[in-house]
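Subject: Structure handover

Hello,

Here is the structure I said I would pass on. Please look through it first, then read the notes below it.

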Amino acid sequence: MASRHKLYKIDYRTGRIRLKNRVCPKCGRVMAFHREPVPRWHCGYCGYVEYVRKR
Ligand SMILES: [Zn+2]
């Protein structure tokens, strides 16, 4: 079983999402996670966006 989908983990008890820190491949800074309208990681420094694939 691959674990590539483990970008974040939902805690069903509290309803919160636990994020794993993700580093921007371009500038090396920590990226921010946005759920809406689609799950994605966004780097506020250089504008890099990486979409999260569900499954
Ligand atoms: Zn960046």
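Two strands pair if DSSP finds at least two bridges between them. Strands (E, at least two residues) and helices (H or I, at least four) are DSSP runs, numbered from the N terminus.

This is a predicted model, where local features need pLDDT of at least 70, side-chain atom pairs count only at pLDDT 80 or more, and totals for chains, interfaces and linings use all residues. Residues are numbered from 1 along each chain as its sequence is written.

The chain has five strands and zero helices. Three of the strands form an open, antiparallel sheet in the order E3-E4-E5. E3 and strand E5 (49–51) are its edge strands, each pairing on one side only. On average, neighbouring strands of this sheet are turned by 25 degrees against each other, direction ignored (axes are lines fitted to C-alpha atoms, for helices over the stretch in contact, and angles run from 0 to 180 degrees between N-to-C directions). Three antiparallel bridges join E4 and E5; Tyr51 in E5 is the bridge partner of Arg40.

The loop between strand E3 (32–34) and strand E4 (40–42) holds Pro37. The peptide bond from Glu36 to Pro37 is cis, with omega near -5 degrees. Most peptide bonds are trans.

Val38 is in the loop between E3 and E4 too. Is Val38 buried or exposed? Val38 counts as exposed because it has 9 C-beta neighbours inside 10 Å (exposed is 12 or fewer other C-beta atoms within 10 Å, buried is 20 or more, partly exposed is in between; C-beta atoms are placed from the backbone). Of the 55 residues of the chain, 7% count as buried.

Regards
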